[in-house]
Each structure stands twice: as C-alpha cells, then as structure tokens.
Amino acid sequence: HFGTSHLWPSAPPEVWGRPVMGNSDSHAAFVEGVKRLLEEDVEYKEGEFWMALLRSTMSVEDVFELIGPEHIRDLLHKRPRNLQALLQRIIVSLQEICSSADATGTV
C-alpha cells in the first residue's frame, strides 16, 4: 500500500546515495512511490497511488534532486509500462491545471 509512512525511522534520509533535505511525510511518500515504480508494476488505474505521487508538496528542485536521468532510464528499460503510466498521469495533471486556469483565469 502506498502511504505516508517514514522510510527512515532513525537514520538521516538518503535516496540512491544522495542525502535528502528534510524528512517530511511528503518526501518520504514521494520516495516510496518512486521506489515502487522502479521495483514493481503499477497500474495506470491505481488512482490513489498516482494522486499521492503527483500531488506531493515538494519543490521542482527537490524532485529533480531525487530523480536523476539514470532513474528514468531504469524505468524505461525495466518498467516501461510504469514510465508510460507516469507520463500519461503527468499529462492528465497538466491538462487539469490548464483547464482550471482557463476557467478561473489563475493557476
């Protein structure tokens, strides 16, 4: 189950050999979700998982610090359906943002 449990109970957080700034639930949930994408098949229809992953309150800088090009290549080669679902979910999220912005005049 994808939740907001902490991945690092007592040690400082580290993801793929890189230190992570802060140990918030959002960071932990995001890292847990990305690990799940790399380790097991995740269906596009698992809405709760994708919502939690894509609606995290992390900055763009944090996301790019946690996920490097090598992780995307791993997804492409090891879990191409997960990469496809991730990209489709990102597109849907962007469409929702644009529709909302068009309707209200703000983002």
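Reply: The protein chain has 5 helices and 2 strands. From the N terminus on, these elements run β-β-α-α-α-α-α. Keep in mind that this is a predicted model.

Me: What share of the protein chain counts as buried?

Reply: Of its 107 residues, 33% count as buried. The accessible surface of the chain comes to about 7,100 Å². Carbon and sulfur atoms own 58% of that surface.

Me: Why is Leu87 called partly exposed?

Reply: Leu87 has a relative accessible area of 46%. Buried needs under 20%, and exposed needs over 50%. The 46% of Leu87 lies in between, so Leu87 is partly exposed. Its place is in helix α5.

Me: How do you know that the span of α5 is close to the expected one?

Reply: Compare two values. α5 has 25 residues and reaches 36 Å from its first C-alpha to its last. At 1.5 Å a residue, 36 Å is expected. After α5 comes Gly105, with a positive phi near 85°.

Me: Which residues of α5 are buried, and what do they pack against?

Reply: Asn82, Leu83, Ala85, Leu86, Arg89, Ser93 and Ala101 are buried. The buried residues of α5 pack against α1, α2 and α4.

Me: What makes a group of residues a nonpolar core?

Reply: The members must be buried, of nonpolar kinds, and joined through side-chain atoms within 4.5 Å. The largest such core here has 16 residues. Phe30, Leu37, Trp50 and Leu53 have the most contacts inside it. α1, α2 and α5 each give two or more residues to this core. α1 gives the most, with 5 residues.

Me: Why might such residues gather?

Reply: In soluble globular proteins, nonpolar side chains tend to be buried together.

Me: Which residues does Phe30 touch, leaving aside its neighbours within four places in sequence?

Reply: Phe30 is in contact with Leu53, Ser56, Met58, Val63, Leu66 and Ile67. Contact here means heavy atoms within 4.5 Å.

How values were computed. Residues are numbered from 1 along each chain as its sequence is written. This is a predicted model: local features need pLDDT of at least 70, side-chain atom pairs count only at pLDDT 80 or more; totals for chains, interfaces and linings use all residues. Side-chain values use heavy atoms; hydrogens and water are left out. Buried means under 20% relative accessible area, exposed over 50%, partly exposed in between (1.4 Å probe, protein chains only). Helices (H or I, at least four residues) and strands (E, at least two) are DSSP runs, numbered from the N terminus. The expected span of a helix is 1.5 Å times one less than its number of residues. Accessible areas come from the Shrake-Rupley method with a 1.4 Å probe; for residues, only the protein chains shown count as cover.
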